[in-house]
Amino acid sequence: CSHCASNPTVSSGSESSSDSSSGEEDAEEDNWMMELQLKQNHPDRLHPELWFNDKGEMNDGPLCRCSSKSRRSGIRHNIYAGEDEQAFCNPDTNNADKLYHYRVTVSPPTNFLINKPTVIEHDNQEFIFEGFSLFSHHPLEKLPTCKVIRFNIQYTIVYIEEKVPNGFTVKDTELFFNYLFHEILELVDLDLKSANNKDGCPQFHIMPRFVRELKDNGKELLPMYRVLE
């Protein structure tokens, strides 16, 4: 145009900026393609239609591209207010004197109850999977009600406090957590430990509940050693 022709400096600067921007986009696309190829060729990939999950990685590179300073704060970096306290359980006991036990329930049970739930036989009895227990180092006194909408149905997740059961150790819950969430589901970025306490306990311990019905609305929990066998 006549404006560009009469201002060669502006034209040159504009072209230089455009070339620089184009070069950055090309480099970013090359990095993205390289990351995809690395994940496609990973030897531990389970299936051609599944990506291999690397901790802290998405399909096209790092999950977080924040600066080192920014990574020191914020829930997106797994840093939450009030998690500075150190928590250490005895791995060989149930720590009934330290933990608070909550049975996790979902209401209504629509789409969660199945005809053939997982069953474990023990001592000629059948123990049926009914959900999970949550163990916290602090009482959950003012926990807001959690509501989730799935398939146009609103579900309410409730935590019912109960006495800490026997038949498990904290080490059992950690072995189960790593096996199910990391090894099977490959949720490699799921980390329940405080950012300032990687050597201590996670904020919560999770235990699967396999139960059999008893008289007078009682229930017997299957010991964790049997679940882990």
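In the counts by class below, Ala, Val, Leu, Ile, Met, Phe, Trp, Tyr, Cys and Pro are taken as nonpolar, Asp, Glu, Lys and Arg as charged, and the others, Gly among them, as polar. The model is predicted, so local features need pLDDT of at least 70 and side-chain atom pairs count only at pLDDT 80 or more, while totals for chains, interfaces and linings use all residues. Residues are numbered from 1 along each chain as its sequence is written, and side-chain values use heavy atoms, with hydrogens and water left out.

**Exercise 1.** Describe the largest pocket by its volume, its lining and the elements that supply the lining.

*Solution.* A pocket is, on a 1 Å grid over the protein atoms alone, an open set of points with protein on both sides within 12 Å along at least five of seven lines, whereas a cavity is a set of points where a 1.4 Å probe fits but cannot get out; lining residues have an atom within 4 Å of a point. Grid points are joined across faces, edges and corners, and a volume is the space filled by probe spheres set on the points.

Step 1: the largest pocket holds about 930 Å³ of space.
Step 2: its lining has 29 residues, and V104, V106, E130, G131 and F132 lie nearest the centre.
Step 3: the elements giving two or more residues to this lining include strand 3 (100-107), strand 5 (125-136) and helix 3 (170-184), where helices (H or I, at least four residues) and strands (E, at least two) are DSSP runs numbered from the N terminus.
Step 4: strand 5 gives the largest share, 7 residues.
Step 5: by class, the lining has 20 nonpolar, 4 polar and 5 charged residues.

**Exercise 2.** Work out what lines the second largest pocket.

*Solution.* Step 1: the second largest pocket contains about 490 Å³ of space.
Step 2: 14 residues line this pocket, with L63, R76, H77, N78 and D189 closest to its centre.
Step 3: by class, its lining has 5 nonpolar, 3 polar and 6 charged residues.

**Exercise 3.** Characterise the largest cavity.

*Solution.* Step 1: a search of the whole structure finds 1 cavity of 30 Å³ or more, and the largest cavity has a volume of about 40 Å³.
Step 2: the residues lining the largest cavity include F168, P208, L222 and M224.
Step 3: this lining has 6 nonpolar, 2 polar and no charged residues.

**Exercise 4.** Find the contacts of V227.

*Solution.* Counting heavy atoms within 4.5 Å as contact, and leaving out residues up to four places away in sequence, V227 touches I120, P208, F210 and L222.
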